[in-house]
Amino acid sequence: MSSEYEKPATTIELLVPVDKYLSAGVHIGTHVCTKYMEPFVYKVRPDGVYILDVRKIDERLQIAGKFLAMFEPAKIAVVSARLYGRKPVLKMCQYLQCRPFVDRFLPGTFTNPALTTYFEPAVVLVTDPRADAQAVKEASEIGIPVVAFADTDNRTENVDLVVPANNKGRKSLALLYWILTRQIMRERGAVPANADLPEPPLEFEAPV
């Protein structure tokens, strides 16, 4: 891991220890990097894999936590078409009482009141702007802000707040959603500023 990411010389207060980020692989990108994601890249490995900057991941998680905490929980839509995002999304919504949309996102869910699945969110959080493109598109059409976990290969049009991260890995998504859930609860005063959730990140992990 040390060859992929060097720990900062000075101590920076992160939401979790840097080792926890590294062991979950939240910083591991892909072989492709879009212009949108270039500012979040730490380095490129010899094998061509782009590595994200852990400090920027952490910084954006803090910003996203503050932002999402401003909304009524019942009006937050959390979306994941990705299989590995399903359990983390359901766990987040269990803690925060927000609305999960996992598996297939039915077109018109945010825009067609005639649908039985219709939901009018105040903000949308997506696991992957590409896999969850329909939700991003509909949120944009109705002027709803979008927060998205975005990997190095993602485009981020219509995304208002990018959280750079490995949005494909099982352990990565579990840790990301665990941290964000905890951060929102801390911002709301639902848990003390230095307290954790009752369950560890492992409980947010999708089954193998």
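Me: What should I know about the model and its numbering before we start?
Reply: The model is predicted, so local features need pLDDT of at least 70 and side-chain atom pairs count only at pLDDT 80 or more, while totals for chains, interfaces and linings use all residues. Residues are numbered from 1 along each chain as its sequence is written, and side-chain values use heavy atoms, with hydrogens and water left out.

Me: Why is Y21 called buried?
Reply: Buried means under 20% relative accessible area, exposed over 50%, and partly exposed in between, with a 1.4 Å probe and protein chains only. Y21 has a relative accessible area of 0%, so Y21 is buried. Y21 is found in helix α1, residues 18–24; helices are DSSP runs of H or I with at least four residues, strands are runs of E with at least two, and both are numbered from the N terminus.

Me: What makes a set of residues a nonpolar core, and which residues touch the most other members of the largest one?
Reply: A nonpolar core is a set of buried Ala, Val, Leu, Ile, Met, Phe, Trp, Tyr and Cys residues joined through side-chain atoms within 4.5 Å. The largest nonpolar core here has 67 residues, and Y21 and L61 touch the most other members. Helix α5 (residues 170–188) gives the most to this core, with ten residues. In soluble globular proteins, nonpolar side chains tend to be buried together.

Me: Which residues does Y21 touch, leaving aside neighbours within four places in sequence?
Reply: Contact means heavy atoms within 4.5 Å. Among the contacts of Y21 are V16, H27, D58, L61, L175 and I179.

Me: Why is α2 called oblique to α5?
Reply: Angles under 35 degrees count as roughly parallel, over 145 as roughly antiparallel, 65 to 115 as roughly perpendicular and the rest as oblique. Axes are lines fitted to C-alpha atoms, for helices over the stretch in contact, and angles run from 0 to 180 degrees between N-to-C directions. Helix α2 (residues 54–68) and α5 pack at an angle of about 45°, with their axes 8 Å apart. That angle makes α2 oblique to α5. On the α2 side the contact includes I57, L61 and L68, and on the α5 side it includes I179, L180 and I184.

Me: Why is Q97 called exposed and D103 partly exposed?
Reply: Q97 has 56% relative accessibility and therefore counts as exposed. D103 has 39% relative accessibility and therefore counts as partly exposed. Q97 lies in the loop between α3 and β4 (99–102), and D103 lies in the loop between β4 and β5 (123–126).

Me: What is phi for Q97 and for D103?
Reply: Q97 is not a glycine, but has a positive phi of about 65°. Phi of D103 is near 65°, a positive value in a residue other than glycine.
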